[in-house]
Amino acid sequence: MPEDIAPALLESIRQDFESNLGGRQRAVQLLEKIQASGANYADAGDYAEEVGAALADAFRANLSSAALPDGRMYWNIADRVVRPLLEQDHTLVAEAAQTVQQSLNTAAGLGIRPQPVPLNESRVEGILNKISAAEQYDDVAWVLDEPVKNFSRAIIDESIRRNVEFQGGAGLRPRVIRRVVANCCRWCSNLAGTYTYPDVPNDVYRRHEYCRCTVEYDPGDGRRQNVHTKRWTTASERDKIETRKKIGIGSGVSLDNDKYVIQDEKISGYLLKPGAKHAAEFFGVGYSAEDWQLLNSDIYEQFDESRKTDVRILDDGTERFSIFMTLGKGKKKRFRTVWQKEPGEEKPRLITAYREDTNHEDI
Ligand SMILES: [Zn+2]
């Protein structure tokens with residue numbers, strides 16, 4: 001049996017990737033800027049480009065038909081060499097995107113967590129399929145060059161998309177600004193502009209190969225739209241909002257949002273109230289008595305009515321159901337959240353939440 005070259009190949013590409021990245025002055029400067037909370041998404045996009053380029057260079061230096069059995073990138077080699085490196089690229093860039101989004105949220109006074117970007121499995125599969133389909137790797141080596149940089153930049157675009165949609169769904173009014181770089185192309189010129197949620201065409205988050213156009217997130221003017229009436233809160237209503245903030249309706253996800261209603265006192269005056277029935281369970285996973293906004297945002301994120309379970313219809317037609325969620329600030333644990341929707345009500349309201357481990361398949 002021929003020697004398995006995959007482990008050594010992976011190791012030498014990984015080493016080159018890391019030393020390339022560390023040796024790229026621009027990459028180092030951008031990462032410092034990102035970590036110091038001074039970066040925007042254009043910086044994150046440039047950082048993604050640097051990571052992608054460092055990886056593409058490492059692929060080029062180590063991979064060729066001469067280095068592969070029969071000159072070919074067999075699937076099992078691609079799967080064990082190229083895949084983990086694309087995953088590493090993803091992790092680095094997705095972390096940078098989260099850090100940037102966190103700084104932008106904080107700067108805008110939004111108590112909302114950044115939405116993470118999952119690995120785009122189908123893109124990874126697409127790249128692996130392409131390089132393993134050719135008889136000779138050298139014929140398809142280009143696939144591990146520009147498409148890898150594009151893969152890397154797309155993580156940033158996807159981060160903007162997820163965060164804009166999440167914040168828009170929560171009643172905020174984020175904007176997306178797309179700018180053409182270097183007279184990119186006609187398609188990009190037509191796409192350039194400022195878009196306000198929900199009127200953001202999906203193409204704004206897409207880019208063709210060699211496109212270096214920038215996409216920026218803007219939290220908007222801070223006004224929040226009532227997602228049901230589509231009415232903007234006016235300046236005269238701001239004072240009221242300020243008052244409401246103090247009693248438990250923050251600038252992040254509203255307690256009364258597009259998915260559900262939580263009564264003002266339910267979180268701060270019950271779930272997170274020291275001494276209350278289930279408070280210790282929430283404190284045990286890191287929440288403090290002041291974290292009502294974060295807890296609401298975490299509940300909002302995981303509230304998915306299609307995952308409801310233990311549905312009961314009471315005699316008066318009220319529907320009661322549970323949704324299991326994984327909640328916590330550091331170490332997360334499972335909680336049962338219980339909801340109730342009275343006849344005629346359009347949204348369910350939170351009844352209680354408490355720790356409960358479960359073996360349900362769908363958790
Ligand atoms: Zn472009």
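Two strands are said to pair if DSSP finds at least two bridges between them. By this criterion, strands β1 and β2 of the predicted model pair in the antiparallel sense, over four bridges. Within this pairing, R178 stands opposite G193 of β2. The pairing belongs to an open sheet of three strands, whose order is β2-β1-β3 and whose pairing is antiparallel. The edges of this sheet are formed by β2 and β3, each of which pairs on one side only. From one strand to the next, the twist averages 20°. Helix α7 packs on the sheet and touches β1 and β3. The direction of α7 makes an angle of about 25° with that of β3.

The protein chain as a whole comprises 363 residues, of which 32% are buried. Its secondary structure consists of 12 helices and nine strands. Among contacts between residues at least 6 apart in sequence, 66% join residues at least 24 apart. The mean pLDDT of the chain is 88, and 89% of the residues reach 70 or more. Residues 225–251 form a stretch over which pLDDT stays under 50. For this stretch, the model has 27 contacts beyond four places in sequence.

A second open sheet is built from four strands. Its order is β6-β7-β8-β9, and the pairing is antiparallel. Here the edge strands are β6 and β9, the latter spanning 349–355, and each pairs on one side only. Neighbouring strands of this sheet are turned by 20° against each other on average, with direction ignored. In general, the strands of a sheet pair through backbone hydrogen bonds, in either a parallel or an antiparallel arrangement.

Strand β6, residues 309–313, and strand β7, residues 319–327, pair in the antiparallel sense over three bridges. Strand β6 is hardly covered, as the count of buried residues among its five residues is zero. On the next pairing, β7 and strand β8, residues 333–341, are joined in the antiparallel sense over nine bridges. In this pairing, T326 stands opposite R334 of β8.

The axes of helix α3, residues 41–62, and helix α7, residues 146–169, come within 7 Å and cross at roughly 155°. Since angles over 145 degrees count as roughly antiparallel, α3 and α7 are therefore roughly antiparallel to each other. The crossing in which α3 passes α7 is right-handed. On the side of α3, the contact is made by Y41, A44, G45, A48, E49, V51, G52, A53, L55 and A56. On the side of α7, the contributing residues are V148, K149, F151, S152, R153, I155, I156 and I160.

Several features of the backbone were examined in the loops. Most residues other than glycine have a negative phi, and most peptide bonds are trans. A cis peptide bond joins Y197 and P198, with omega at about 5°. P198 is found in the loop between β2, residues 193–196, and β3, residues 214–218.

Positive phi values also occur in residues other than glycine. The phi of S37 is near 65°, although S37 is not a glycine. S37 is placed in the loop between α2, residues 25–35, and α3. Because S37 has 13 C-beta neighbours inside 10 Å, it counts as partly exposed. N183, likewise not a glycine, has a positive phi of about 45°. Its place is in the loop between β1, residues 175–179, and α8, residues 186–191. N183 has 8 C-beta neighbours inside 10 Å and therefore counts as exposed. The two classifications follow from the cut-offs: a residue with 12 or fewer such neighbours is exposed, one with 20 or more is buried, and one in between is partly exposed.

Methods
Residues numbered from 1 in each chain as written. Predicted model: local features only at pLDDT ≥ 70, side-chain atom pairs only at ≥ 80, totals over all residues. pLDDT = per-residue confidence, 0-100. Contact = placed C-beta atoms within 7 Å. Helix = DSSP H or I, 4+ residues; strand = E, 2+ residues; numbered from the N terminus. Axes fitted to C-alpha atoms, helices over the stretch in contact; angles between N-to-C directions. Parallel < 35°, antiparallel > 145°, perpendicular 65-115°, else oblique. Left-handed = near helix turned anticlockwise from the far one by under 90°.
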